Amino acid sequence: MPNASNRPLVSTLDRECYLSADVWQSERRHIWFEQWIMVGRESDAPTPGDRLVVDVAGESIVVVRGVDDRLRAFYNVCRHRGAELVAPDSPVVGSFGRTIKCPYHSWTYELDGALCRAPFLETGSADDLAGVALHAVAVDTWGGFVFVSLGATPEPLAKQLGQVPDRLRRYPLDQLQRGATFTYDVAANWKVLAENYNECYHCGPVHPELCKLVPAFRRGGSGLDWTNGVPHRPGAWTFTASGTSTRPPFPDLDEIERVRHKGELVYPNLLLSLAAEHVAAFRLVPSGAGQTTVSCDLLFHPDAVAELDFDPSDVADFWDLVNRQDWSICESVQRGMSSRAWRGGWFAPMEDDAADITRWYSRSMNATDG
């Protein structure tokens, strides 16, 4: 492997990609409305009638489980006069019951989106409405995660996921259950967060506690075999302050995965950090050029969650500390990028993974005409 320090620097994206409201609008069209976006877990809507309301770059989307046990997704808009089917102050997770009723004029839809009742309409008008249905959105799942695509003809989810499912095939992602959830409002562009996640050049200065657990991070992550996972300090095998846990590793992991840590960035908005006995899943929800909400779900094996003495605080406390350190430095980056002096920056050689966003981003922004 060539010496990373001998490789040339790579330019970051242009300044406006992180700051411009116009660029954000273009990203909405080319990325957030075209690609598969992770919006939650299948367990958010476990039984027929259960629903999940999510934001996809400013569009409100409802995911609902039908009587056939299938998940479907629709724009949160009644076909009659455009009223919201679920009000913005309603709980994110809830239930429609047997049908979806608009709160404005009681137009009522089956769980598959087909209109079934429209009060006080004459027979002729009702006949005219035959075939009317809610505006559908593509939905698919992988690893217990729910994805939606607002594109007219989205590519298969499997194509967007690429080799990720194979690399993580021994982790029981579809079985895992939430043990803790954190939500953060971060005053930074979503790409700043993705770039930060994709490198550990910053770990030495920003994450002293993490570096005690993974001493190699003090070197910026240079020379690590990221594909096979990151080694911990001697005697440590998971992401807690102690590096250990009373919870056993996931049963099907190989010997390396039982003692190392893996990470995956599934563009554009799913960040996975996989330990031997838990998984941290981050969902990026941008609302503008300089604002991103981050949901962090800490997922555990159902057998562990079922234990009477289940206590995720060892994982939760450690991740909350590391997360807040990350969001703080990302907000600092966003403020610094706003300076009139900053016209663009550089990725150092050990930041090659982070630099990959420039290649992915250029392909994505040029993939459609919007």
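Which residues line the largest cavity? I've put that one under point 2, after a word on the model.

1. **What you're looking at.** This is a predicted model, so local features need pLDDT of at least 70 and side-chain atom pairs count only at pLDDT 80 or more, while totals for chains, interfaces and linings use all residues. Residues are numbered from 1 along each chain as its sequence is written, and side-chain values use heavy atoms, with hydrogens and water left out.

2. **The cavity.** The lining of the largest cavity is made by W32, I37, M38, V39, D55, V56, N269, R283, L284, V285 and P286. A cavity here is a set of points, on a 1 Å grid over the protein atoms alone, where a 1.4 Å probe fits but cannot get out; lining residues have an atom within 4 Å of a point. There is one cavity of 30 Å³ or more in the structure, and the largest has a volume of about 30 Å³, taken as the space filled by probe spheres set on the points.

3. **Who supplies the lining.** Strand 2 (37-41), strand 3 (50-56) and strand 16 each give two or more residues to the lining of the largest cavity. Strand 16 has the largest share, with four residues. Strands (E, at least two residues) and helices (H or I, at least four) are DSSP runs, numbered from the N terminus. By class the lining has eight nonpolar, one polar and two charged residues; Ala, Val, Leu, Ile, Met, Phe, Trp, Tyr, Cys and Pro count as nonpolar, Asp, Glu, Lys and Arg as charged, and the others, Gly among them, as polar.

4. **Aromatic pairs.** The whole structure has 14 of them. Rings of Phe, Tyr and Trp (its six-membered ring) pair if their centres lie within 6.5 Å; planes over 60 degrees apart count as edge-to-face, under 30 as stacked and the rest as tilted. W190 and W360 are edge-to-face, because their ring centres are 6.2 Å apart with the planes at 90°. This pair links distant parts of the chain: W190 is in helix 6 (residues 190-197) and W360 in helix 11 (residues 352-365), 170 residues apart.

5. F282 lies in strand 16 (residues 278-288) and W319 in helix 10 (residues 313-337), so the pair ties together parts 37 residues apart in sequence. F282 is buried at 3% relative accessible area, and W319 at 6%.

6. **Charges over rings.** R41 lies over the face of F145, 4.5 Å from the ring centre. K191 has its charged end over the ring of Y18, 5.6 Å from the centre. The test is NZ of Lys or CZ of Arg within 6 Å of the ring centre and within 35 degrees of the ring normal.

7. **Cysteines.** The search finds one disulfide, that is, a pair of cysteine sulfur atoms within 2.5 Å. C200 and C203 form it, with their sulfurs 1.7 Å apart, and at -105° about the S-S bond the link is left-handed. C200 is buried at 5%, C203 at 3%. C102, itself buried at 2%, has its closest cysteine sulfur in C78 at 3.8 Å, too far for a bond.

Note on methods: Buried < 20%, exposed > 50% of the residue type's maximum accessible area, 1.4 Å probe, protein only. 1 Å grid on protein atoms, 1.4 Å probe; cavity = no way out; pocket = protein on both sides within 12 Å on 5 of 7 lines; lining within 4 Å.
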